[in-house]
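Hi everyone, thanks for coming.

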Amino acid sequence: MKKLINDPRSVVDESVEGFGLAHADLVTVSADPKFITRKDAPVQGKVGLVSGGGSGHEPLHAGFVGQGMLDAAVPGAVFTSPTPDQILPATLAVNSGAGVVHIVKNYTGDVLNFETAAELAQAEGVEVRTVLVNDDVAVEDSLYTAGRRGVGGTVLVEKIAGASAERGDGLDAVAAIGDRVNSNVRTMGVALSACTVPHAGSPSFDLEDNEIEIGIGIHGEPGRHRIPMENADGITDRLLEPVLGDLGIESGDKVLLFVNGMGGTPLSELYIVYRRAAQVISDRGATVERSLVGNYITALEMQGCSISVLRLDDELTQLWDAPVHTAALRWGV
Amino acid sequence: MMLDVNWAIRWLTLCAEAMAENRVWLIELDRAIGDSDHGENMDRGFQAVLDKLAEAPPETPGAAFKLTAMTLMSKVGGAAGPLYGTAFLRASTFLGDAAEVDPAALAGALVAARDGIVARGKAESGDKTMVDAWTPAAEAAQAAAAVGTGNVLEVLVAAAEAAEAGAMATDPLVARKGRASYLGERSAGHRDPGAASSALILRAAVGAAA
């Protein structure tokens, strides 16, 4: 294992510390318990937005803290959800009296820890709503699993719910917007190689040189099947077909197309994927109205990508376009 | 023989040793069907429990378990943190401030711990989770306590052996809860890491009483 680290046990602490130093104009970092809030939190009269999850998915979530998006991010250990004693103070720190929305990816650990923290916050008189993100179509039969995972769609939920909170929507309205994004977005991912968790020291799963894993989550954990390597267009079709099918995209639909890198794939390759995906959507008679390409929800240095499609309406488009000023997303300001 | 706070502290100390010794094994089990963090998280959590025990020594088994619950919830993360935290919290609540634990109370505490895990994780027997270790352990403890020989060690041994058998029995199962569930059929042939760490914890309870 070759990594730019000092000690596997201090990876998250030192990374968060560096993030705070690099973006001191945008965020405030609490070291113990560990959480990141936007500089001007709590914003009076505004619903607070808190998200979090395991580290190793950067820029998710800390990179999305700032005006127009999250009020706080709570990082856990690498690939491990944060704990209630981090989530609770983060929630209290961003509550201005208007309540707080938790945005939670559907992974058992995240759900259990946020659920506990929400109970504790409510016991302290803070109204909490939870938006559960479960956009991953790779998980076929949710009757026998913990349900669909929250993956790439999380970024879009955070941006759009963030804009809703920023324009002054109330607690239930912000949560409803978050739910609406979640129910209109689907994602599927592929891994070309595994990643190595620093404290484990060896790759998280084994993949032969000529194999790829279709339907991965954001830790490389699989959802569908392992197949021989194909070209970019072939892989793109395999990812996009179930996404469009599950979402029921038809002629005339307007969508946001999000091609996300898992951390170890160059942007040039993500654009090759984007090119094909945009063609396929256009061939269906649908319109790609907005796009996002880059590394936004990663799995350490894993090679691979995910494709998310969000069905847009006028309000969601407007909220997507609203100003955002965070370390990882910035426009309109 | 009754169990007291010294047993509880020895148990938790042996748990910490077991997690440190088996850290890599648990990481490997989790690497196969999860995301490689279970051994690391459990080791970190129980080391923190040792620190807390040294800081403020508890006076009853119930107090020791409550401190353990709070520490695991705040230090472990993942699914294991809330699940083990709930287990120790329910055991603590069941025992109250009693200074000593007899066989019936011990079995009751183990059943309460199991019920807490089931309530928090919403998993059932056969889902390939730690419930597959805790349910047979709780039932074996109840059965051993009901025999009425008044021996806590017999209850602990029965629980530990049932947990180990239960953990081994997860090998062929297809996971239906937790991250391993995303592997579907491919999760078969691997031991559930949570069931494995549960068996280690219950085995440590025997060592602490022997």
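Predicted model: local features only at pLDDT ≥ 70, side-chain atom pairs only at ≥ 80, totals over all residues.

A:Asp40 itself is partly exposed, at 44% relative accessible area. As a bit of background, side chains of opposite charge can pair when their charged atoms come close. Over all chains, the structure holds 37 salt bridges.

Now over to chain B, and to B:Arg31. Is B:Arg31 buried or exposed? B:Arg31 counts as buried because its relative accessibility is 16%, and the cut-off for buried is under 20%. B:Arg31 makes a salt bridge with B:Glu28, 3.6 Å from N to O. The two sit in helix 2 of chain B, three residues apart, which is about one turn of the helix. B:Glu28 is partly exposed, with a relative accessible area of 38%.

B:Arg31 also reaches across to the other chain: there is a salt bridge to A:Asp206, with the closest N and O atoms 3.2 Å apart. How many salt bridges does the rule find across the interface of chain B and chain A? The count there is six. Elements of chain B that give two or more residues to the side touching chain A are helix 2 (23-33), helix 3 (38-55), helix 4 (61-75) and helix 5.

Staying with that interface, chain B brings 30 residues to the contact and chain A brings 41 residues. The area buried between the two chains is about 2700 Å², and carbon and sulfur atoms give 49% of it. On the chain B side, the residues that lose the most area to chain A are B:Arg31, B:Arg120 and B:Tyr182, together 28% of what that side buries. If you count residue pairs in polar contact between the chains, both at pLDDT 80 or more, you get 13. And here is B:Tyr182 again: the charged end of A:Arg149 sits over its ring, 4.7 Å from the centre.

Back inside chain B, B:Asp127 and B:Arg176 meet in a salt bridge of 2.8 Å, N to O. This pair links distant parts of the chain, 49 residues apart: B:Asp127 is in the loop between helix 6 (103-121) and helix 7 (131-147), and B:Arg176 is in the loop between helix 8 (152-168) and helix 9 (193-209). B:Asp127 is buried, at 5% relative accessible area, while B:Arg176 counts as partly exposed at 32%.

Last topic, the rings. By the rule used here, there are nine aromatic pairs over all chains. One of them is B:Trp11 with B:Phe88, a tilted pair, 5.8 Å centre to centre and 45° between the planes. That pair also links distant parts of the chain, with B:Trp11 in helix 1 (residues 5-21) and B:Phe88 in helix 5 (residues 80-95), 77 residues apart. Both B:Trp11 and B:Phe88 are buried. Together with B:Trp7 and B:Phe65, they form one aromatic cluster.

Definitions and conventions: Residues numbered from 1 in each chain as written. Chains lettered and ligands numbered in written order. Heavy atoms only, no water. Phe/Tyr/Trp six-rings, centres within 6.5 Å; stacked < 30°, edge-to-face > 60°. Helix = DSSP H or I, 4+ residues; strand = E, 2+ residues; numbered from the N terminus. Buried < 20%, exposed > 50% of the residue type's maximum accessible area, 1.4 Å probe, protein only. Lys NZ or Arg CZ within 6 Å of the ring centre and 35° of its normal. Contact = heavy atoms within 4.5 Å. Buried area = accessible area lost by both parts, 1.4 Å probe. Salt bridge = Lys/Arg side-chain N within 4 Å of Asp/Glu carboxyl O. Polar contact = N/O pair within 3.5 Å; in protein donor to acceptor, adjacent residues only side chain to side chain.
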